[in-house]
Amino acid sequence: MTTLLASTRPAPVRVPGAALGLARSVVRLHRSALWFWLLLMVALAATMLWAYGPGYGTASADVQDQCRRDIEACHFPGGPWLSRYSTAVALTTLVVAFLPLLVAAWAGAALVGRELENGTAHLAWTQSVSPARWLAAKLAVPALLVSVGTALLIPLHRLMWDGGENLLWTDWFDAYGFRSNGTVAVAYALCGLAVGVLAGLVTGRTLPALGVAVAVMFAITHLGDQYRPSMWPTVTVTGAASLSLPDKALQLDRGVITDEGVRIGNNMACTTADSSVADLRSCLAHNDLADVWATYHPQSHFWPLQLTETGIVLAVAALAATASFVLLRRRTAASGAAV
Amino acid sequence: MNRDGEGTALEAVGLGKRYRRRRGPVLQDCSFHLPAGRICALVGPNGTGKSTLLALAAGLIRPTEGTLKVLGTTPARARERFAYVAQAKPLPPQLTVAATLRLGAELNRARWDREAAERIAYGPVYANPYADPYGEESGSAYGDMHGEAAADPVPGVGPGVGPNLVPGVVREGGLHPRDRIRSLSGGQRTRVALALAFGKRPELMLLDEPMADLDPLARRELLGALLGEAAEHGTTIVMSSHVVAELEGVCDHLFLMGGGRIRLGGDPEQLLAAHTLLTGPARDLSGHTVVESHGTGRQLTALIRTDGPNSPPTDGWETAAPSLEELLLAHLRNPEAPDLFTEETGGTGTADMTDVTDVTDVTGEENARP
């Protein structure tokens with residue numbers, strides 16, 4: 001038996017680029033996920049391009065055609081093409097807005113949870129790869145693919161979203177639209193990855209990791225939607241200007257100031273006055289009020305809001321990633337540190 | 001074999017491990033020393049911490065107390081130099097056998113020996129029946145990495161083995177490169193897991209129940225491969241098992257685990273030489289270290305340590321050498337028996353017995369009463 005092994009031992013070849021091998025191993029283990037991701041990107045891009053071009057064109061021509069024939073259709077546009085177009089827009093927006101949850105579910109369950117559950121993570125750690133470097137690869141390779149994928153979707157979605165303004169009354173501050181139209185899309189997707197990895201490490205099992213990752217990521221996106229208006233200073237105007245806010249402004253609150261100088265929010269008094277100054281004056285005097293005011297985000301706040309939220313969400317992602325490393329280090333002999 | 005004593009494969013001092021969900025510690029105050037180059041059997045009943053000890057050595061978990069040095073350093077620093085095969089033989093189920101070996105190559109770039117891995121996975125003869133085992137995905141990296149080694153046609157074919165094996169015939173027991181891991185049986189997975197370990201060309205192999213799932217033929221073949229590896233490269237091999245017979249005659253070092261520590265350690269022959277099986281009329285055995293004694297009426301059979309001043313006793317006892325299985329079972333049945341380590345001192349090879357605990361008389365008397 002021993003003679004079978006009587007071969008000369010080939011000298012170990014030092015190959016640079018161990019990181020490349022590690023990255024390739026991540027892709028090898030998650031090849032089906034990679035294919036799914038690519039297919040999803042292609043499908044989303046194709047649908048959004050269709051909606052932007054032929055979808056919009058056909059729907060808008062159809063609506064105009066109906067309007068010419070029937071005056072009622074001008075006010076209540078409908079028809080199969082419009083419904084197809086609006087479905088395409090709504091569906092792609094929904095998918096892009098909830099991609100972070102999908103990423104989190106995959107990262108928690110397939111990327112980390114399952115590997116810890118069935119022990120293949122430990123298999124990797126007893127090859128020449130330390131747990132810390134294993135985790136780094138698990139974060140870096142998907143992060144690259146997720147960033148590139150979502151970054152490519154953003155401009156396409158913006159094209160589609162802005163193009164649909166006339167037909168669908170899309171708003172820049174719509175929660176799903178906002179999450180799909182700018183840099184926050186990448187930030188949330190990366191956050192989903194980090195949260196998923198952390199959930200996988202904490203639970204160490206596939207299904208709990210999936211549940212925890214999705215729940216936490218849902219909470220994070222919900223909090224983002226909730227506190228988005230406070231992420232950049234708002235604009236407050238008083239007097240007649242508050243009755244006619246700029247076009248496409250996101251109105252947050254409006255109210256009145258009493259003669260005693262008390263500011264009352266969420267009050268619609270005198271808002272029915274037309275924007276002529278005289279009409280407003282008489283209404284205010286009649287109600288013992290000094291002034292009316294309104295707080296809003298003009299459309300020009302889109303990018304400041306996007307970038308602030310991106311920063312905050314990326315910070316959360318970094319926090320989750322750091323927590324993952326700390327957790328792994330505490331559990332295993334992750335690096336060269338003495339036991 | 002590397003028996004010069006210059007290297008230490010494993011060294012534990014006061015090692016302890018406690019899991020959160022369990023009440024008691026799995027390992028407690030466990031100290032031992034394993035010289036490099038040994039083929040070591042780690043035996044003991046289920047749940048005595050064999051797997052925990054191996055996982056600690058592999059750096060997968062951290063000890064709650066004490067230290068464990070692997071190849072003279074921490075498990076983390078020694079990571080590239082040892083191989084570990086877990087009891088469950090975890091492998092990515094979605095990969096093929098060939099892809100799993102490629103994974104091994106990617107994760108062990110500096111030391112991967114493709115030939116050694118394939119010999120274990122695809123059968124003992126390297127004359128591979130499949131022209132290109134890596135199929136359409138043949139990685140260019142391999143051509144670069146293994147240049148000559150891969151081109152070498154039939155290395156390592158021993159005389160008398162090669163001629164009757166015609167290339168193109170599926171090897172008995174060997175695996176097909178395109179088999180999916182999830183379609184493999186337990187024993188076949190063990191083969192792939194061992195192939196990964198061999199491919200790493202480690203200085204130390206930590207194998208948790210490596211033979212449990214294997215059929216007798218595969219067991220013979222893979223055990224032979226392990227012995228060959230050890231003989232050729234001085235690889236230290238630590239194999240855990242709860243079947244003593246499985247490893248008898250193979251190992252030249254033995255650790256018996258029990259009560260969260262190593263209770264017997266050393267060369268099996270020296271361990272056997274340190275014990276005597278006595279049979280004779282029942283009588284007082286105080287003054288001797290009695291591991292186990294049981295009597296049938298006036299007849300007494302006892303296993304004692306031959307380390308006392310007048311050991312073994314000559315007066316009227318029939319003495320016999322115990323078998324390894326008898327020795328181990330006697331210790332397992334009697335947790336009170338003191339620990340024993342035989343160690344080689346210097347280059348002389350003489351045994352140096354060390355009683356770790358010195359409660360011999362008490363246990364001796366207690367055990368002597370039928």
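I'll walk through a few helices, some rings and a few backbone spots, one at a time.

Before anything else, please keep in mind that this is a predicted model.

Let's begin in chain A with helix 11, which runs over residues 206-227 and has 22 residues. From its first C-alpha to its last it reaches 32 Å, close to the 32 Å expected at 1.5 Å a residue. Which residues of helix 11 in chain A are buried? They are A:T206, A:A209, A:A213, A:M217, A:I220, A:T221 and A:G224. If you look down the axis of helix 11 of chain A, these buried residues fall within an arc of 90 degrees, so they line one face of the helix. And what covers them? The cover includes helix 5 (99-118), helix 9 (175-180), helix 10 (184-203) and helix 13 (302-331) of chain A.

Next, the aromatic rings. How many aromatic pairs does the structure hold over all chains? There are 8. A:W125 and A:W134 form one that is edge-to-face, with 5.3 Å centre to centre and 85 degrees between the planes. Both partners are tucked away: A:W125 is buried at a relative accessible area of 2%, and A:W134 is buried at 4%. Elsewhere in chain A, ring pairs join A:W172, A:F173, A:F178, A:F302 and A:W303 into a cluster.

Rings can also have a charged neighbour. In chain A, A:R263 lies over the face of A:W293, 4.9 Å from the ring centre. In chain B, the charged end of B:K200 sits over the ring of B:F82, at 5.4 Å from its centre.

That brings us to chain B as a whole. Its secondary structure comes to 10 helices and 15 strands. Chain B has 370 residues, and 56% of them count as buried. Its accessible surface is about 15,400 Å², with 49% belonging to carbon and sulfur atoms. Now take the contacts in chain B with a separation of 6 or more: 71% of them are between residues 24 or more positions apart.

You'll find B:G66 in strand 4 (residues 65-70) of chain B. Leaving out residues up to four places away in sequence, B:G66 touches B:V13, B:G14 and B:L15. B:G66 and B:V13 are 53 residues apart along the chain, yet their C-alpha atoms are separated by 5.7 Å. Is B:G66 buried, exposed or partly exposed? It is partly exposed, with a relative accessible area of 31%.

Last stop, the backbone. Most residues other than glycine have a negative phi. A:D288 has a phi near 55 degrees, and its place is the loop between helix 12 (277-286) and strand 4 (289-297) of chain A. B:R201 has a phi of about 50 degrees and belongs to the loop between helix 5 (186-199) and strand 6 (204-207) of chain B.

Methods
Residues are numbered from 1 along each chain as its sequence is written. Chains are lettered from A and ligands numbered from 1 in the order in which they are written. This is a predicted model: local features need pLDDT of at least 70, side-chain atom pairs count only at pLDDT 80 or more; totals for chains, interfaces and linings use all residues. Side-chain values use heavy atoms; hydrogens and water are left out. Helices (H or I, at least four residues) and strands (E, at least two) are DSSP runs, numbered from the N terminus. The expected span of a helix is 1.5 Å times one less than its number of residues. Buried means under 20% relative accessible area, exposed over 50%, partly exposed in between (1.4 Å probe, protein chains only). The arc is that of the directions from the helix axis to the C-beta atoms. Contact means heavy atoms within 4.5 Å. Accessible areas come from the Shrake-Rupley method with a 1.4 Å probe; for residues, only the protein chains shown count as cover. Rings of Phe, Tyr and Trp (its six-membered ring) pair if their centres lie within 6.5 Å; planes under 30 degrees apart count as stacked, over 60 as edge-to-face and the rest as tilted. A charge sits over a ring if NZ of Lys or CZ of Arg is within 6 Å of the ring centre and within 35 degrees of the ring normal.
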